[in-house]
Amino acid sequence: MKAHNSSCPPPSSYLHRHQSSFLCKICVIKMQKFIFDNYKGIGNQELVDRLNEKFGTNFDIKKIKNYKYQNNLQGGIRV
């Protein structure tokens with residue numbers, strides 16, 4: 001197979017195979033930024049509610065607590 005020239009777009013089959021993975025990574029990065037920008041001064045339940053409303057997800061409080069613990073995010077309201 002011929003090497004792909006980086007100046008031209010990848011073949012459509014490549015885009016089809018990797019599009020959902022790429023979009024997921026973008027969504028995760030946006031969610032991480034949202035959490036980082038909003039975790040201070042609000043409780044975990046409110047953070048979960050805001051995150052789920054903004055991104056149409058269904059995270060629960062346990063996942064947010066775990067994420068905050070793993071990423072050393074402190075400073076919210078303890079509930």
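Asparagine 72 is where I would like to start, because at a relative accessible area of 56% this residue counts as exposed, where exposed means over 50% relative accessible area, buried means under 20%, and partly exposed lies in between, with a 1.4 Å probe and protein chains only. Asparagine 72 sits in the segment after helix 3, and its phi is near 50 degrees, a positive value in a residue other than glycine.

Before going on, a word of caution: this is a predicted model, in which local features need pLDDT of at least 70 and side-chain atom pairs count only at pLDDT 80 or more, while totals for chains, interfaces and linings use all residues. Residues are numbered from 1 along each chain as its sequence is written, and side-chain values use heavy atoms, with hydrogens and water left out.

As for the overall layout, the protein has 3 helices and 0 strands, and from the N terminus on the elements run α-α-α; here helices (H or I, at least four residues) and strands (E, at least two) are DSSP runs, numbered from the N terminus. Of the 79 residues, 18% count as buried. Among contacts between residues at least 6 apart in sequence, 46% join residues at least 24 apart, a contact being heavy atoms within 4.5 Å.

The largest nonpolar core has 10 residues, namely Met31, Phe34, Ile35, Tyr39, Ile42, Leu47, Val48, Leu51, Ile64 and Leu73, and by a nonpolar core I mean a set of buried Ala, Val, Leu, Ile, Met, Phe, Trp, Tyr and Cys residues joined through side-chain atoms within 4.5 Å. Helix 1, spanning 12–38, and helix 2, spanning 44–55, each supply at least two residues of this core. Which residues does isoleucine 35 contact, once its neighbours within four places in sequence are left aside? They are Leu47, Leu51, Ile64, Tyr67 and Leu73.

Isoleucine 35 also belongs to the lining of the second largest pocket, together with Val28, Met31, Gln32, Leu51, Phe59, Lys63, Ile64, Asn66 and Tyr67. Helix 1 and helix 3, the latter covering 61–70, are the elements that give two or more residues to this lining. The pocket has a volume of about 210 Å³, and its lining divides into 7 nonpolar, 2 polar and 1 charged residue. For the record, on a 1 Å grid over the protein atoms alone, a pocket is an open set of points where a 1.4 Å probe fits, with protein on both sides within 12 Å along at least five of seven lines, and lining residues have an atom within 4 Å of a point. Grid points are joined across faces, edges and corners, and the volume is the space filled by probe spheres set on the points. In the lining count, Ala, Val, Leu, Ile, Met, Phe, Trp, Tyr, Cys and Pro are nonpolar, Asp, Glu, Lys and Arg are charged, and the others, Gly among them, are polar.

Glutamine 32 lies in helix 1 and is partly exposed, with a relative accessible area of 35%; its C-alpha atom is separated by 9.4 Å from that of tyrosine 67, 35 residues apart along the chain. Phenylalanine 59 is in the loop between helix 2 and helix 3, is partly exposed at 30% relative accessibility, and touches Met31, Val48, Leu51 and Asn52, not counting residues up to four places away in sequence. Asparagine 52, in turn, is found in helix 2 and counts as buried at 16% relative accessibility; leaving aside neighbours within four places in sequence, asparagine 52 is in contact with Thr57, Asn58 and Phe59.

Finally, the charged pairs. How many salt bridges does a search of the whole structure find? The search finds 2, a salt bridge being a side-chain nitrogen of Lys or Arg within 4 Å of a carboxyl oxygen of Asp or Glu. In one, lysine 33 pairs with aspartate 37, the closest N and O atoms being 2.7 Å apart; these residues are separated by about one helical turn, because they are 4 residues apart in helix 1. Lysine 33 is exposed at 52% relative accessibility, whereas aspartate 37 is partly exposed at 46%. In the other, the side chains of glutamate 46 and arginine 50 meet at 2.5 Å, N to O, and again about one helical turn separates them, because they are 4 residues apart in helix 2. Glutamate 46 is partly exposed at 37%, and arginine 50 is partly exposed at 33%.
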